[in-house]
Amino acid sequence: MDEESPPSLTDISLMWICHNVEELCVAQENGSLKFHHCPVFPQELADQLLHKMASEGVLNDRTVGIFQHLEHLRLRRAHIQSSHISAEAFRLALCIHKLQELDISHTQTNIAISEVLHSLTSSKLCRQSLQTLLMDGLRVYGDTNENVSFSMLRGLKKLSLAGTDLNDSSLEDICTLPMLENLDISSTNITDLTPLLNCQSQLKSLTLHGLQKLEMNASRVNLVLSKLELLRHLDISNDKLLTDVDHLVQQLLEQPGILLNLVSLDVSGWRGVSDAAIRAFVEHRPGMRFIGLLATGAGGSEMLRGDGNLKVAGEANLQQLCEALRRYSERESFIRETLAHLYSHTSELEEPQPNILKLVLAGMRRHTDSLHVQLVASACVFNLTVQELVLGMPLHLLGTVVKQLLIAMKNFPKHEQLQKNCLLTLCSDHILQVVPFDRYEAAKLIMMLLGNHEDQTVQRMVVAVVSILVSKLSTEEISKLGAEEFIMKLLSIVQQKASLGLVDSTLKFALSALWNLTDETPTACTHFIQCRGVELYLELLETYYSESSIQQKLLGLLNNVAEVEDLRPELMNEELLEHILQLLVLPLVEVDVSYFAGGILAHLVSVRGPVWSLDEELRCTVQDQLHSSILSWSSPQHVMVSYRTFQPFFPLLDVCQSSGVQLWALWAIQFLCSQNAPQYCSMLESEGGTDLLRVLIHHAETHSDVKSLVESILKILERNLHPTNTVKAVR
């Protein structure tokens, strides 16, 4: 299914059943489940349900019991790879069906091949019907050391035992199967391929990569292979990426008149294969449709480009590399090699390549525990999403990419280069602002990196990403972040920069992150105070007195603290207030700085402010200067203010407040409503702000300047009032 397509109704329904199976079932005496009520499932749908339960991780000895009831669920294709199912549950629930296909590869229990075979051959139905059996990654023998015999599965056409401890005697048994056409014995303990000659009259597909214990020389191997005249698919690739010192591949390619029915040949991983030998081999077999040449040195000729009928997995161009990513998704060494070459081929792309990004993402998903794969894949992701290229990628695909990058960062938190690669991609306004992903989980994970890395580049990117992510979170999510530790780390970064007198992006992003963390979040404001943030910010106000962008971020946070009534006494510092007052009244100070200075002072001198413990003359000065300064403010275009609610302003509009306090709140309301009328006019109306304004304008003691500003706001409301959703702007 395409990444951008909605899931099918069938898929949605099966997913719902998987995650509600306990509620839909009743427990039987043996502990397994049975549906309360169940219609007769079409056979194909029953197969899909079993597969979905396995892929979602809910198939186990308890839940597999629902398939014991043949009157409702009949299976033909049982795909239960990577499930948690025991040999006994497998026998009771699945071997009663007339199975045609079984994939029980890489199960998460100790089920053995011998136990699977015993259960299958004990069932007359399975003995007669089974055609495909995949048991990759299992042990051959169980605890009982039962005999391993495939010979009773007379109808078996396809058998895969890759990554098992299969030995020569078992291979001899397998090669007696009269209908076997497709065999995979890769990465097993096989030492001798001679038994394959017993099925040369029917074998059409043979996969042999990774036979590290093979005791045959190249000539003997090729002699056996040359006898398999019906072969259409042959894989003798080498996962170890070694030089072909015995000339196994070269001898095979140069033998005249053999394997003329081949459609695909995979020799990837054998270094030293010549282009000329490959071309000659393909020219004599016009039916060839695929050849694997990754890490061989071959594939550079025009005939092997891979953009025609002959598909090529190699490294010479993007077509070959994409084919390699598709073909070798399960093979870690090949994926790593492919991605390394892909990185250089994608360093100067001019057009977005979403299909390539999907393939890289698939490799990352398949090998989440491989540092090498994650490292080179994350570098490729950056190349594929850099600058304008990211704008041409589907949003859903980018969301999945972000999720996978975060998994990589979580799995390898100490690896600096991997963290850099992932952060480089995440440092994109388009990704952080537009792409759908769980920003709370992302912020929580990336915040953990604060202080883990001394590299300045990593530190800068971490605070940049965090500052934007936090601005997109709700107050509830910010509260859940456990902000105390992160505030302490961010303050440490700020203090480090300030001690050097630096003004760089890391400092600005750290201050923005702190500002956003404390926005309408009293607990975070408390943590800020407990970490001696007020003392540090006073020093910063003095150190960066000429940097308006820094002053604005400092005052913005202090304004957040001032909004919390219980914390206002913590700001009752005469030196601090005098400094803030200067930023309110000095004519050269930008309005966006003066605005936050005014907000702090307005909260502190309001009737609900703290008991005034400083000089009373200072209090009167603050009230007077608030009034006169605010009247002098123009309507700037770039004041960085955004609010989720008007509630912090409403106490300042009380008729008992001084005119300066009222004017500051009114100026802010007027500015917000005039700049973003659809959002803020509706918010003001719904929160009861218009009632407060009417009370204020009709009160006998309200100052004329205050009434004038109220009238202006009411006119804006009349012109623009209509409902809309509230969206918090980004700082």
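Q: Which helices do the buried residues of α13 pack against?
A: In this predicted model, the buried residues of α13 pack against α11 (318-327), α12 (332-345), α14 (371-385) and α15 (395-411), where a contact means heavy atoms within 4.5 Å. Residues are numbered from 1 along each chain as its sequence is written, and side-chain values use heavy atoms, with hydrogens and water left out. Local features need pLDDT of at least 70 and side-chain atom pairs count only at pLDDT 80 or more, while totals for chains, interfaces and linings use all residues.

Q: Which residues of α13 are called buried?
A: Buried means under 20% relative accessible area, exposed over 50% and partly exposed in between, with a 1.4 Å probe and protein chains only. In α13, I356, L357, L359, V360, L361, G363 and M364 are buried.

Q: What span is expected of α13, residues 354-366?
A: The expected span is 1.5 Å times one less than the number of residues, and for the 13 residues of α13 this gives 18 Å, close to the 18 Å that the helix reaches from its first C-alpha to its last.

Q: How many of the 731 residues of the chain count as buried?
A: By the cut-off for buried residues, 54% of the 731 residues count as buried.

Note on methods: Helix = DSSP H or I, 4+ residues; strand = E, 2+ residues; numbered from the N terminus.
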